[in-house]
Amino acid sequence: MALTDADVQKQIKHMMAFIEQEANEKAEEIDAKVCMAAGRFIAEIWESSGKADVQFTKRDFCYQAEEEFNIEKGRLVQQQRLKIMEFYERKEKQIELQKKIQSSNLLNQARLKVLRARDDHIQV
């Protein structure tokens, strides 16, 4: 049973939504871990060197960590987006190839039918 173009597009949209949701959940999980790690890191610095020696605040560190996280997240999202686009380009090419093969088979069957009809007409 072959899928129609609409079915394929529906599947593509569903898969893209699923992947995006998974990426968002993973991003939130990483964000939470980064904030927890940043808090522990700053607490260790404050305990070992004293508050006066620290050149940055927890907020500064979180902004920097968040900026780095967003850059990495953007890179990963773009990388996955490219993979998805390549995957569906290959799928589209496969579908086009299947359509060409099917069209060729139908044309060949029609030619064979004409040749059989000619052969039957000549033999009569």
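Biologist: Which side chains does Lys 26 meet in a salt bridge, and how do I read that?

Modeller: The general idea: side chains of opposite charge can pair when their charged atoms come close. The rule here asks for a side-chain nitrogen of Lys or Arg within 4 Å of a carboxyl oxygen of Asp or Glu. In this predicted model, Lys 26 pairs with Glu 29 at 3.6 Å, N to O. Both sit in helix α1, 3 residues apart, about one turn of the helix. Helices, by the way, are DSSP runs (H or I, at least four residues), strands are E runs of at least two, and they're numbered from the N terminus.

Biologist: How many salt bridges does the count come to?

Modeller: The count is 3. Another one joins Arg 75 to Glu 72, with the closest N and O atoms 2.6 Å apart. Those two are 3 residues apart in helix α2, about one helical turn. Then there's Asp 5 with Lys 99, at 3.4 Å, N to O. Asp 5 is in helix α1 and Lys 99 in helix α2 (residues 58-123), so this pair ties together parts that are 94 residues apart in sequence.

Biologist: Is Asp 5 buried or exposed, or something in between?

Modeller: Partly exposed, at 45% relative accessibility. Buried means under 20% relative accessible area, exposed means over 50%, and partly exposed is in between (1.4 Å probe, protein chains only). Lys 99 is partly exposed too, at 36%.

Biologist: Okay, and how do I read an aromatic pair?

Modeller: You describe a pair of aromatic rings by the distance of the centres and the angle of the planes. Rings of Phe, Tyr and Trp (its six-membered ring) pair if their centres lie within 6.5 Å; planes under 30 degrees apart are stacked, over 60 edge-to-face, and the rest tilted. The whole structure has 1 such pair. Phe 87 and Tyr 88 have ring centres 4.8 Å apart and planes at 85°, so they're edge-to-face. Tyr 88 is buried at 11%, while Phe 87 is partly exposed at 32%.

Biologist: Which residues make the nonpolar surface patch?

Modeller: Phe 87 again, with Met 15, Phe 18 and Ile 19, covering about 340 Å². Helix α1 (residues 5-49) gives the largest share, 3 residues.

Key:
Residues are numbered from 1 along each chain as its sequence is written. This is a predicted model: local features need pLDDT of at least 70, side-chain atom pairs count only at pLDDT 80 or more; totals for chains, interfaces and linings use all residues. Side-chain values use heavy atoms; hydrogens and water are left out. Patches are made of residues with over 30% relative accessible area and no salt bridge: like charges are joined within 9 Å, nonpolar side chains (Val, Leu, Ile, Met, Phe, Trp, Tyr) within 5 Å. Accessible areas come from the Shrake-Rupley method with a 1.4 Å probe; for residues, only the protein chains shown count as cover.
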